Amino acid sequence: MPGSNIGFPKHVAIIMDGNGRWAKQRGQLRAIGHKAGLKTVRRIVRFASQKGITALTLYAFSSENWNRPKTEVSALMALFGYALNREVRILHKNNIKLQIIGDVSRFSHQLQKCLKIAEDLTCDNTGLVLNIAANYGGRWDIVNAGKQVMKQINQGEITLEQLDESHFSRYLSLSELPAIDLVIRTGGEYRISNFLLWQIAYAEFYFTDILWPDFDEKVFMQAIDVFQSRERRFGSIKE
Ligand code: IPE
Ligand code: IPE
Ligand code: MG
């Protein structure tokens, strides 16, 4: 049976899209959609943690999302800070380790402080690793890794000949975690929108029209079922 040897995904990444349209359908402001989206985040994190998934990586704010109207960006930043303050103790109680990926230097000092406190508090937890991608871009991630590797070469710590994929990938986000098995995108678009690029080289994809605020455990399980029915070949052939 194809794919019957695939177990549960260890690492799931989600492009949480469709908050704005969800709100518009209800004649409400986009910010209301983001608030509703936060509720879904809570449910999905709990579910992933209960199911014993090793890592969950959520795309919360892309490096291009700064191009949105100022009011929406501010609403998102405020919600981010609010959620952090409110949820971090619950995450900690549930043994969840929170990590932020992305260029946080562009956030306000106050938000950066909140992020640091949340990461420090949960850093020794051994349950689900929850990565929030904030001011994240896949291209940024690769250039950032490239810069660090260049520094090493310039300082003579490694030679150009020694540089290979495995060495380079150490400097990318999520390098300490299992490879991404499954990428889910809600909201009906079929694109990556500069989310993880390098890290999804052999991930399986699941796209759904469901808008993020309507995403729930049942749809998550559906995505996992579909994942388990796939045949992953990694460039090889199935005997
Ligand atoms: C995703 O929902 C959340 C963020 C990008 C922060 P959107 O805000 O992109 O919602 P749509 O795609 O406009 O419906
Ligand atoms: C991707 O959604 C970013 C997040 C979910 C955070 P966008 O709504 O920004 O993507 P595009 O603009 O439709 O490609
Ligand atoms: Mg969108």
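**Around the ligands**

Modeller: Let's start with ligand 2: the residues around it are Ile 15, Met 16, Asp 17, Tyr 59, Ala 60, Phe 61, Asn 65, Arg 68, Arg 185, Arg 191 and Ser 193. Keep in mind that this is a predicted model.

Colleague: OK. Which arginine side chains have an N or O atom 2.8 Å or 3.4 Å from an oxygen atom of ligand 2?
Modeller: Arg 191 has a side-chain N or O atom 2.8 Å from a ligand 2 oxygen. For Arg 185, the distance from such a side-chain atom to an oxygen of ligand 2 is 3.4 Å.

Colleague: And how much of ligand 2 does the protein cover?
Modeller: On its own, ligand 2 has 390 Å² of accessible area, and the protein covers 78% of that.

Colleague: What about Asp 17, how far is its polar side-chain atom from an oxygen of ligand 2?
Modeller: That distance is 3.2 Å. Asp 17 also turns up at ligand 1, where a side-chain N or O atom is 2.8 Å from a ligand oxygen.

Colleague: Switching to ligand 1 then. How many residues surround it, and which are the closest?
Modeller: There are 13 around ligand 1, the closest being Asp 17, Gly 20, Arg 21, Arg 30 and Arg 68. The Arg 30 side chain puts an N or O atom 2.9 Å from an oxygen of ligand 1. Asn 19 uses a polar backbone atom instead, 3.2 Å from a ligand 1 oxygen. Of the 380 Å² of accessible area ligand 1 has on its own, the protein covers 88%.

Colleague: New topic. Which residues does UniProt list as "active site"?
Modeller: The unreviewed UniProt entry gives Asp 17 and Asn 65 that annotation.

Colleague: Is Asp 17 buried or exposed?
Modeller: Buried, with a relative accessible area of 17%. Asp 17 sits in the loop between strand E1 (11-15) and helix H1 (19-25). Beyond its neighbours within four places in sequence, Asp 17 contacts Arg 185, Thr 186, Gly 187, Glu 189, Leu 211 and Trp 212.

Colleague: And where does Asn 65 lie?
Modeller: In the loop between strand E2 (55-62) and helix H3 (70-93). Asn 65 is buried too, at 16% relative accessible area.

Colleague: What does the Asn 65 side chain reach?
Modeller: The backbone nitrogen of Ser 62, at 2.7 Å.

Technical notes
Residues are numbered from 1 along each chain as its sequence is written. Chains are lettered from A and ligands numbered from 1 in the order in which they are written. This is a predicted model: local features need pLDDT of at least 70, side-chain atom pairs count only at pLDDT 80 or more; totals for chains, interfaces and linings use all residues. Side-chain values use heavy atoms; hydrogens and water are left out. UniProt positions are given in the numbering used here, feature names are shortened, and annotations may be inferred rather than shown by experiment. Helices (H or I, at least four residues) and strands (E, at least two) are DSSP runs, numbered from the N terminus. Buried means under 20% relative accessible area, exposed over 50%, partly exposed in between (1.4 Å probe, protein chains only). Contact means heavy atoms within 4.5 Å. A polar contact is a pair of N or O atoms within 3.5 Å; within protein, one must be able to donate a hydrogen and the other to accept it, and residues adjacent in sequence count only if both atoms are side-chain atoms. A residue is near a molecule or strand if one of its heavy atoms lies within 4 Å of it. Accessible areas come from the Shrake-Rupley method with a 1.4 Å probe; for residues, only the protein chains shown count as cover.
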